[in-house]
Amino acid sequence: MQTTIGENIKAVRRQIADAAARAGRDPSGIKLVAVSKTKPAEDIYEAYGAGQVAFGENYAQEMNAKIESDLLSGLADIEWHMIGHIQTNKVKSLIGKTALIHSLDSIRLAEEIQKQAQKASVTVDVLLEINIARESSKYGFFIEETEEAAQAISAYRNIRVLGLMASAPYTDNPEDNRTHFKQLNEFFLDIRHKKMDNTRMSILSMGMSGDFEVAVEEGSTMLRIGTRLFGSR
């Protein structure tokens, strides 16, 4: 018998709590972002009815269509997270719409976000995307580049860096990614003590449907989970 989205959310939250307990962490410090890319507004509405308010989208056009949909437009407390790669020509359509951009992956993108945010007189909260396993198929800064990039981005008055994001390699065995999560958490703890303007390193976004429990055990504060909540795409 197929489970509902609400039941899936409850099950995942239990697993998050169990993983946090194993690590001696408070589960209230771990935020669940439901990855709703390609899913219809009806699925998001069902998840919202089960208490889920943060949703992650990969494409600006799709996100904006959902924001403006009849079903979701009146839900003022929904948070929209942009988690996919952003082309610079799409930045303008995101300004003022996102609670958090997880995928700031280049100085060029930061320049465009700053330009559009300044025009709109808003501050945009972002995470720096880290290519933790140096995969050619993924975007993001390498760890050794990140502190210099963060220092450069800290000069932009309309961008506020709140932390780091990474996607570990796809694997059938989540334990394979423990080393990556541990490395990123150690770097996160180190860089959060650096003195930088417009920067408050408080969010570590790592862990998805296949490896989120290991990510919680290794310090993640934000999980991006789609398939486990909504089913396969």
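Mentor: Start with the ground rules. This is a predicted model, in which local features need pLDDT of at least 70 and side-chain atom pairs count only at pLDDT 80 or more, while totals for chains, interfaces and linings use all residues. Residues are numbered from 1 along each chain as its sequence is written, and side-chain values use heavy atoms, with hydrogens and water left out.

Trainee: What makes the protein chain as compact as a globular protein of its length?

Mentor: The chain has eight helices and eight strands, where helices (H or I, at least four residues) and strands (E, at least two) are DSSP runs numbered from the N terminus. Its radius of gyration is 17 Å, close to the 17 Å that the globule rule gives for 233 residues, so it is as compact as a globular protein of that length. The radius is taken over C-alpha atoms, and the rule is 2.2 Å times the number of residues to the power 0.38. Along the principal axes, the C-alpha atoms fill a box of roughly 55 × 40 × 30 Å.

Trainee: Why is Gly74 called exposed?

Mentor: Exposed means over 50% relative accessible area, buried under 20%, and partly exposed in between (1.4 Å probe, protein chains only). Gly74 has 63%, so it is exposed. It lies in the loop between α3 and β3.

Trainee: And why do Arg13 and Arg134 count as partly exposed?

Mentor: Arg13 has 38% relative accessibility, so it is partly exposed. Arg134 has 48%, so it is partly exposed too. Arg13 sits in helix α1. Arg134 is in the loop between β5 (124-130) and α5 (143-153), and has a positive phi of about 55 degrees although it is not a glycine.

Trainee: What does Arg13 touch?

Mentor: Contact means heavy atoms within 4.5 Å. Not counting residues up to four places away in sequence, Arg13 touches Leu32, Gly51 and Gln52.

Trainee: How do you know that β1 is largely enclosed?

Mentor: Four of the five residues of β1 are buried, so the rest of the structure largely encloses this strand. For the chain, buried residues make up 51% of the 233 residues.

Trainee: What makes β1 (residues 31-35) and β2 a pair?

Mentor: Two strands pair if DSSP finds at least two bridges between them. β1 and β2 have two bridges and run parallel. Ala34 stands opposite Phe55 in β2, and Val35 opposite Gly56. β1 is also joined to strand β8 (residues 222-225) by four bridges, again parallel. There Ala34 faces Ile225.

Trainee: Which strand pairs with β2 over four bridges?

Mentor: Strand β3 (residues 79-82), in the parallel sense. Ala54 has Glu79 in β3 as its bridge partner. The chain crosses from β2 through helix α3 (residues 60-67) to β3, and this β-α-β crossover is right-handed. Right-handed means that, with the strands pointing away from the viewer, the path from the first strand over the helix to the second runs clockwise.

Trainee: How do you know that both faces of β2 (residues 54-57) are covered?

Mentor: Ala54 and Gly56 are buried on one side, Phe55 and Glu57 on the other.

Trainee: Which residues of α3 are buried? Why are they said to lie on the same side?

Mentor: Ala60, Met63, Asn64 and Lys66 are buried in α3. They cover an arc of only 160 degrees around the axis, so they lie on the same side of α3. The arc is that of the directions from the helix axis to the C-beta atoms. The buried residues of α3 pack against α2, β2 and β3.

Trainee: What makes a nonpolar core, and which members of the largest one touch the most others?

Mentor: A nonpolar core is a set of buried Ala, Val, Leu, Ile, Met, Phe, Trp, Tyr and Cys residues joined through side-chain atoms within 4.5 Å. The largest has 63 residues, of which Leu128, Ile153, Ile159, Leu164 and Leu184 touch the most other members. Helix α1 (residues 5-22) gives the most to this core, with six residues. A second, separate core has eight residues, including Ala54, Leu127, Leu162 and Ile203.
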